[in-house]
Amino acid sequence: MAPMGIRLSPFGITLFCLLGFGVIYHLYAGVLSSRIASFRLKRTVDLRELLALSMEAAVQGGREVKRIREDNTLEEKSKGKTKEGDSEKLTLGDLNSNRKMFYLIKNTYPYIQVNSEEYANAEGEATVWTRIIPEEILAKISGGKEVPAERITVWIDPLDATQEYTENLQKYVTTMVCVAVDGDPVIGVIHKPFTGYTVWGFVGEGSNVVPRSSYNTNFPKVIVSRSHSGKVKSFVQVAFGNNTEIIPAGGAGYKVLALLDPTDEEQDTADIYIHVTYIKKWDICAGDAILRSLGGQMTTLKGDHIDYSGTEGNEGGLLASIKTDHKALVKRLPTWEENKEQ
């Protein structure tokens with residue numbers, strides 16, 4: 001006799017059991033899914049580890065860049081036109097470096113956003129980070145700097161100065177990684193494949209490079225892009241005088257390094273870096289982070305800080321300086337409107 005005088009048939013017992021199981025299953029599934037969601041919300045990344053990973057990614061990409069250049073197997077082609085109408089080069093060095101760098105980061109932290117100049121190869125790359133943190137980082141940066149993954153955006157440039165790479169102008173070529181948190185550049189890595197030298201900066205924590213002892217802003221040496229040095233010449237001369245020394249150079253990474261204490265004999269030195277046209281964020285984010293880590297600044301020509309979240313382009317040009325009155329430099333610049341995307 002069932003409770004309350006109800007007699008259950010075999011079918012009723014089976015149905016009762018199934019319904020009971022269904023309720024238990026849905027309750028369990030709800031608890032499990034909420035725990036998974038909670039785990040995902042708590043996913044964090046240690047920024048010291050991400051700095052070490054970024055360095056390793058830049059070095060691994062740089063090995064591919066150097067190997068392909070030395071083997072002369074560039075397989076050069078054009079992937080379109082720049083905003084200025086110049087041919088935008090693409091080589092096997094760009095692609096192989098991108099595959100190494102992108103998948104090393106993604107395989108380690110699959111849940112962070114990684115933006116690259118090149119598209120990732122669909123075949124992937126079975127690259128795994130050793131999780132070894134270089135001694136120079138351990139000595140300068142303490143651990144425990146955890147940041148939620150959803151606040152992080154990584155920008156990688158697998159081969160900066162591709163045009164110069166095809167011309168075998170090796171000194172301009174770099175690989176770069178930048179880590180932005182909430183749109184602010186926090187970690188920057190610039191690696192020079194042909195010398196093996198790697199520069200890094202962690203805002204608020206330290207760097208492995210230093211600024212020069214002094215900078216001349218009354219009669220500055222200004223470094224600009226060699227691809228359109230003519231366009232920027234009059235702009236610079238209006239701001240700083242007709243006798244201003246203008247240094248045309250390739251690669252945004254190289255031009256930022258020109259503001260620091262030289263890393264090698266071939267490195268140009270400048271007091272200010274100016275760019276007047278549209279530029280991609282993977283070109284400038286790493287340099288911005290390194291300058292900030294040393295007390296310098298990189299802004300638009302109007303003096304606004306650059307947001308490294310959202311779209312890939314910066315349309316406001318840029319002014320980069322260190323150990324100077326940056327706001328005073330901005331005030332000396334003439335109005336420039338041609339840097340807007342057409």
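This is a predicted model: local features need pLDDT of at least 70, side-chain atom pairs count only at pLDDT 80 or more; totals for chains, interfaces and linings use all residues.

Trainee: OK, sheets. What is the strand order in the open sheet of 6 strands?

Mentor: The order runs S4-S6-S7-S8-S9-S10, and the pairing is mixed. Strand S4 (113–116) and strand S10 (206–207) are the edges, each pairing on one side only.

Trainee: Which way do S7 and S8 pair?

Mentor: Antiparallel, over 7 bridges. S7 covers residues 174–181 and S8 covers residues 184–192.

Trainee: What sits in the loop between S7 and S8?

Mentor: Asp182 is there. Its phi is near 55°, which is positive, and the residue is not a glycine. Most residues other than glycine have a negative phi. Asp182 counts as partly exposed, at 48% relative accessibility.

Trainee: Which strands does helix H3 lie across?

Mentor: H3, residues 92–108, lies across S4, S6 and S7. The helix runs at about 155° to S6, the strand at 152–160.

Trainee: Switching to cysteines. How many disulfides does the count come to?

Mentor: The count is 1 disulfide. Cys178 and Cys285 form it, with their sulfur atoms 2.0 Å apart. The link is left-handed, with -45° about the S-S bond.

Trainee: Which parts does the pair tie together?

Mentor: Cys178 lies in strand S7 and Cys285 in helix H8 (residues 281–293), so the pair ties together parts 107 residues apart in sequence.

Trainee: Is Cys178 buried or exposed? And Cys285, buried or exposed?

Mentor: Cys178 counts as buried, at 1% relative accessibility. Cys285 is buried too, with a relative accessible area of 0%.

Trainee: Now the other sheet. What is the order in the open sheet of 5 strands?

Mentor: S12-S11-S13-S17-S15, again with mixed pairing. Its edge strands are S12 and S15 (297–299), each pairing on one side only. Neighbouring strands are turned by 20° against each other on average, direction ignored.

Trainee: In what sense do S11 and S13 pair?

Mentor: Parallel, over 2 bridges. S11 is residues 221–225, and S13 is residues 272–275. Val222 has Ile272 as its bridge partner in S13.

Trainee: Back to H8. Which strands does H8 lie across?

Mentor: S15 and S17. H8 runs at about 140° to S15.

Trainee: And how many residues are in the largest nonpolar core?

Mentor: There are 37 residues in that core. Those touching the most other members are Ile223, Leu260, Tyr273, Ile284, Leu291, Met298 and Tyr308. At least two residues each come from S7, strand S12 (245–249), helix H7 (252–257), H8 and strand S17 (318–321).

Trainee: Where does the largest share of this core come from?

Mentor: From H8, with 7 residues. As background, nonpolar side chains tend to be buried together in soluble globular proteins.

Trainee: Last one: Ala239. Which helix does Ala239 lie in?

Mentor: Helix H6, residues 229–240. Ala239 counts as buried, at 11% relative accessibility.

Trainee: What is Ala239 in contact with, leaving aside neighbours within four places in sequence?

Mentor: Arg332, Leu333 and Pro334. The C-alpha atoms of Ala239 and Arg332 are separated by 5.3 Å, though the two residues are 93 apart along the chain.

Trainee: Thanks, that covers my list.

Definitions and conventions
Residues are numbered from 1 along each chain as its sequence is written. Side-chain values use heavy atoms; hydrogens and water are left out. Two strands pair if DSSP finds at least two bridges between them. Helices (H or I, at least four residues) and strands (E, at least two) are DSSP runs, numbered from the N terminus. Contact means heavy atoms within 4.5 Å. Axes are lines fitted to C-alpha atoms, for helices over the stretch in contact, and angles run from 0 to 180 degrees between N-to-C directions. A disulfide is a pair of cysteine sulfur atoms within 2.5 Å. Buried means under 20% relative accessible area, exposed over 50%, partly exposed in between (1.4 Å probe, protein chains only). A nonpolar core is a set of buried Ala, Val, Leu, Ile, Met, Phe, Trp, Tyr and Cys residues joined through side-chain atoms within 4.5 Å.
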